[in-house]
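Subject: Structure for you to look at

Hello,

Here is the structure I promised to pass on. Please open it and keep it in view while you read the notes below.

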Amino acid sequence: MSTASVSFRPGAVLADLLPASRVRDIALVVGGAALTGLAAQISVPVPGSPVPVTGQTFAALLVGSAFGARRGFLSLALYALVGMAGVPWFAGGTSGAGGASFGYVLGMLLAATVVGALARRGADRSVLRTAGSMVLGSTVVYAVGVPYLMAATGMSLSAAVAAGLIPFLIGDALKAALAMGALPAAWKLAGRRG
């Protein structure tokens, strides 16, 4: 099957442009987990918050969009499980499930699944649809992360929103803008190659 026929097939995601095989899928899942772990090391502390600004949310949403729901979920599940087992690849080189920011890791797992399902419906092929997908994915991350932050720290809802949501909105907008350019551009490039 040619690249052009795969790239425009309904329900395809960018990873489907690669020749299908079990080895491809395993490599993508491991690579997605590693990319997320690497991006988590880009970590900037936020004054007054136990949650740093990192690149891991962007990586998780990109992995979900490029790989689809199943491989995106498996990549982030592997990332979470290996980090829980002690590999120091969560934000700032941490590991384990007890930290205040672990809820965001769980949220990223769900968000990668959601944006992956949306990408299979073409949400990664135009700037506006990609923006909507990234906003929804970020919302899922916060919907899990902020309540977990409340439970882990004893913060009130308003304090958790102030410490675990508000300081990250500008960064999330920048990450969404990057994805809005990168994903549709990758599809255009793939169409030209086909």
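I will start with helix α3. Its buried residues are Gln56, Thr57, Ala59, Ala60, Leu61, Val63, Gly64, Ser65, Ala66 and Phe67. That makes 10 buried residues out of 12, so α3 is largely enclosed by the rest of the structure. The helix covers residues 56-67, and its end C-alpha atoms are 16 Å apart, which agrees with the 16 Å that its 12 residues should span at 1.5 Å a residue. Just after α3 comes Gly68, with a positive phi of about 95 degrees. Please bear in mind throughout that this is a predicted model.

The whole protein

The protein has eight helices and two strands. Along the sequence they follow the pattern α-α-β-β-α-α-α-α-α-α. The C-alpha atoms fill a box of roughly 55 × 35 × 20 Å, taken along the principal axes. For 194 residues, a compact globule would have a radius of gyration near 16 Å; the protein has 17 Å, which agrees.

Of the 194 residues, 45% count as buried. The accessible surface comes to about 9,000 Å², and 73% of it belongs to carbon and sulfur atoms. If you take the contacts with a separation of 6 or more, residues 24 or more positions apart account for 68% of them.

Helix α4

Helix α4 has 16 residues and reaches 22 Å from its first C-alpha to its last, close to the 22 Å expected at 1.5 Å a residue. Which of its residues are buried? They are Arg71, Gly72, Ser75, Leu76, Ala77, Tyr79, Ala80 and Gly83. These buried residues pack against α2 (22-40), α3 and α5. Just after α4, Gly86 takes a positive phi of about 120 degrees.

Aromatic rings

How many aromatic pairs does a search of the whole structure find? It finds five. Two of them are described here.

Tyr79 lies in α4 (residues 69-84) and Phe90 in the loop between α4 and α5 (102-119), so the pair ties together parts that are 11 residues apart in sequence. Both Tyr79 and Phe90 are buried.

Another is the pair of Tyr104 and Tyr142, also edge-to-face, at 6.2 Å centre to centre with 85 degrees between the planes. Here Tyr104 is in helix α5 and Tyr142 in helix α6 (residues 127-153), so the parts tied together are 38 residues apart in sequence. Are these two tyrosines buried or exposed? The cut-off for buried is under 20% relative accessible area. Tyr104 has 6%, so Tyr104 is buried. Tyr142 has 14% relative accessibility, so Tyr142 counts as buried too.

There is also one aromatic cluster, formed by Tyr79, Trp89, Phe90, Phe102 and Tyr148. A further ring to look at is that of Trp187: the charged end of Arg125 sits over this ring, 3.8 Å from its centre.

Two single residues

Trp89, a member of that cluster, is placed in the loop between α4 and α5. With 16% relative accessibility, Trp89 counts as buried. What does Trp89 touch, not counting residues up to four places away in sequence? The residues are Ala33, Ala34, Gly37, Ala40, Gln41, Leu78, Tyr79, Val82, Gly83 and Thr94. You can compare this with Pro47, which is 42 residues from Trp89 along the chain: the C-alpha atoms of the two are separated by 22 Å.

Ser138 is found in helix α6. Its relative accessibility is 11%, so Ser138 counts as buried. Leaving aside neighbours within four places in sequence, Ser138 is in contact with Leu61 and Asp172. Leu61 is one of the buried residues of α3, the helix these notes began with.

Regards

Note on methods. Residues are numbered from 1 along each chain as its sequence is written. This is a predicted model: local features need pLDDT of at least 70, side-chain atom pairs count only at pLDDT 80 or more; totals for chains, interfaces and linings use all residues. Side-chain values use heavy atoms; hydrogens and water are left out. Rings of Phe, Tyr and Trp (its six-membered ring) pair if their centres lie within 6.5 Å; planes under 30 degrees apart count as stacked, over 60 as edge-to-face and the rest as tilted. Helices (H or I, at least four residues) and strands (E, at least two) are DSSP runs, numbered from the N terminus. Buried means under 20% relative accessible area, exposed over 50%, partly exposed in between (1.4 Å probe, protein chains only). A charge sits over a ring if NZ of Lys or CZ of Arg is within 6 Å of the ring centre and within 35 degrees of the ring normal. The expected span of a helix is 1.5 Å times one less than its number of residues. The radius of gyration is taken over C-alpha atoms; the globule rule is 2.2 Å times the number of residues to the power 0.38. Contact means heavy atoms within 4.5 Å. Accessible areas come from the Shrake-Rupley method with a 1.4 Å probe; for residues, only the protein chains shown count as cover.
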